[in-house]
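This report goes from the whole chain to single residues. Please keep the sequence and the 3D view side by side.

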Amino acid sequence: MAALKPLTFDHLNAFPGLVHGVFSRAGGYSKDAFSGLNIGLSTGDDPDVVNRNRRRMLSSLDLTRVLFFNQVHGTDIAVIKSEKDAADAAWEGQGGAPSKIFKADAAVTNRKDLGLVIQVADCQAVVLYDPEKEVIANVHSGWRGSVDNILGRCINAMVTQFGCTPANIRAGISPSLGPCCAQFMNYKQEIPKSFWKYKDKDRPYFDFWQISRDQLGAYGVLDEHIETMGLCTRCRTDLFYSFRANKVTGRFAAVIALKNKDE
Ligand SMILES: [Zn+2]
């Protein structure tokens with residue numbers, strides 16, 4: 001198989017100390033409904049095949065370890081500062097899952113050579129980077145995460161835990177459910193009124209890409225530091241997994257890591 005070529009954010013490619021990528025389905029070993037590079041273990045796919053996919057992903061980024069998270073559409077943020085926190089939960093290519101997995105929908109770290117992985121299939125993965133403090137984060141923001149402002153909470157954690165300045169932070173929003181497909185028939189129950197201005201005027205479709213942009217902006221991230229890939233997962237099931245399009249499906253990965261430049 002040819003080397004994996006993840007999608008990247010143009011503005012993040014400018015930083016030599018950073019490795020990141022959003023992996024499409026291309027180049028994976030999974031079959032049938034999971035066809036491609038499924039990195040989700042709790043999808044019904046063969047775990048041995050998922051681990052093979054995960055290993056391909058790891059080596060394509062030239063990383064030896066990453067953190068996966070138990071994502072629950074909540075607001076817990078894993079803050080990884082010590083080598084112990086990193087080592088206990090790191091996946092290093094072994095057959096099974098690591099002994100410890102953080103229950104978290106966002107993670108922040110300043111550790112080097114440690115990938116943070118968010119798994120998605122319509123939800124947004126939002127990677128964050130402060131090049132001044134050398135701090136990264138990765139956020140799982142589905143519609144519940146948007147409602148609970150997990151993005152704002154994560155920016156806040158970067159500020160309070162690592163002294164980051166929001167105006168320095170760069171953000172990248174992964175392929176996810178676009179305004180073309182983010183239909184919420186029960187929006188009056190599910191979506192708070194403060195978001196209704198993001199609704200199409202005639203139909204119950206919402207622009208969660210703009211919601212994320214505005215949530216980041218409200219916490220001081222500059223608009224020119226936010227990049228959205230602008231690809232809708234439900235429209236592009238040739239490239240990505242989409243839970244809305246196919247209930248039985250895989251998960252694709254957004255990964256970010258700081259590189260040890262001394263190596
Ligand atoms: Zn769409």
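## Terms and basis

Helices (H or I, at least four residues) and strands (E, at least two) are DSSP runs, numbered from the N terminus. By this rule, D214 sits in helix α7.

The model is predicted: local features need pLDDT of at least 70, side-chain atom pairs count only at pLDDT 80 or more, and totals for chains, interfaces and linings use all residues. Residue numbers run from 1 along each chain as its sequence is written, and side-chain values use heavy atoms, with hydrogens and water left out.

## Overall build

The protein has 7 helices and 10 strands. Its C-alpha atoms fill a box of roughly 55 × 45 × 30 Å along the principal axes. The radius of gyration, taken over C-alpha atoms, is compared with a globule rule of 2.2 Å times the number of residues to the power 0.38. For 263 residues the rule gives a value near 18 Å; the protein has 17 Å, which agrees with a compact globule.

Contact means heavy atoms within 4.5 Å. Among contacts between residues at least 6 apart in sequence, 69% join residues at least 24 apart.

## Surface, burial and charge

Buried means under 20% relative accessible area, exposed over 50%, and partly exposed in between (1.4 Å probe, protein chains only). Of the 263 residues, 54% count as buried. Accessible areas come from the Shrake-Rupley method with a 1.4 Å probe; for residues, only the protein chains shown count as cover. The protein exposes about 11,300 Å², and carbon and sulfur atoms supply 47% of it.

Lys and Arg count as positive and Asp and Glu as negative; His and the chain ends are not counted. Each charge is placed at NZ of Lys, CZ of Arg, CG of Asp or CD of Glu. The mean positions of the 32 positive and 29 negative charges are 4 Å apart.

## Helix α5 and its cover

The expected span of a helix is 1.5 Å times one less than its number of residues. Helix α5 (residues 150-162) has 13 residues and should span 18 Å; its end C-alpha atoms are 17 Å apart, which agrees. Its buried residues are I150, L151, G152, C154, I155, A157, M158 and F162. Their cover includes β3 (77-80), β4 (106-109), β6 (124-130), β7 (135-141), α4 (143-147) and α7 (208-218). Just after α5, G163 takes a positive phi of about 70°.

P166 lies in the loop between α5 and β8 (170-173). At 18% relative accessibility, P166 counts as buried. Leaving out residues up to four places away in sequence, P166 touches I155, V159, Y219, G220 and V221. P166 and I155 are 11 residues apart in sequence, and their C-alpha atoms are 7.1 Å apart.

## Around α7

D214 of α7 is partly exposed, at 32% relative accessibility. D214 and G152 are 62 residues apart in sequence and 9.8 Å apart in space, C-alpha to C-alpha.

T228 belongs to strand β9 (residues 226-228). T228 is partly exposed, with a relative accessible area of 23%. Neighbours within four places in sequence aside, T228 contacts I173, W209 and R213. T228 and W209 are 19 residues apart in sequence, with 7.3 Å between their C-alpha atoms.

Helix α2 has 14 residues and reaches 20 Å from its first C-alpha to its last, close to the 20 Å expected. V49, V50, N51, N53, R54, R56, M57 and L58 are buried in α2. The cover of these residues includes β2, β5 (115-120) and β10 (252-258).

G36 is in the loop between β1 and α2. G36 is buried, with a relative accessible area of 6%. Residues up to four places away aside, G36 touches R25, G28, Y29, S30, N53 and Y241. The C-alpha atoms of G36 and V50, 14 residues apart along the chain, are separated by 9.8 Å.

Most residues other than glycine have a negative phi. D32 has a positive phi, near 55°. D32 lies in the loop between β1 (18-22) and α2 (47-60), and is exposed at a relative accessible area of 71%.

H73 also has a positive phi, near 60°. The loop that holds H73 runs between β2 (66-67) and β3. H73 counts as partly exposed, at 32% relative accessibility.
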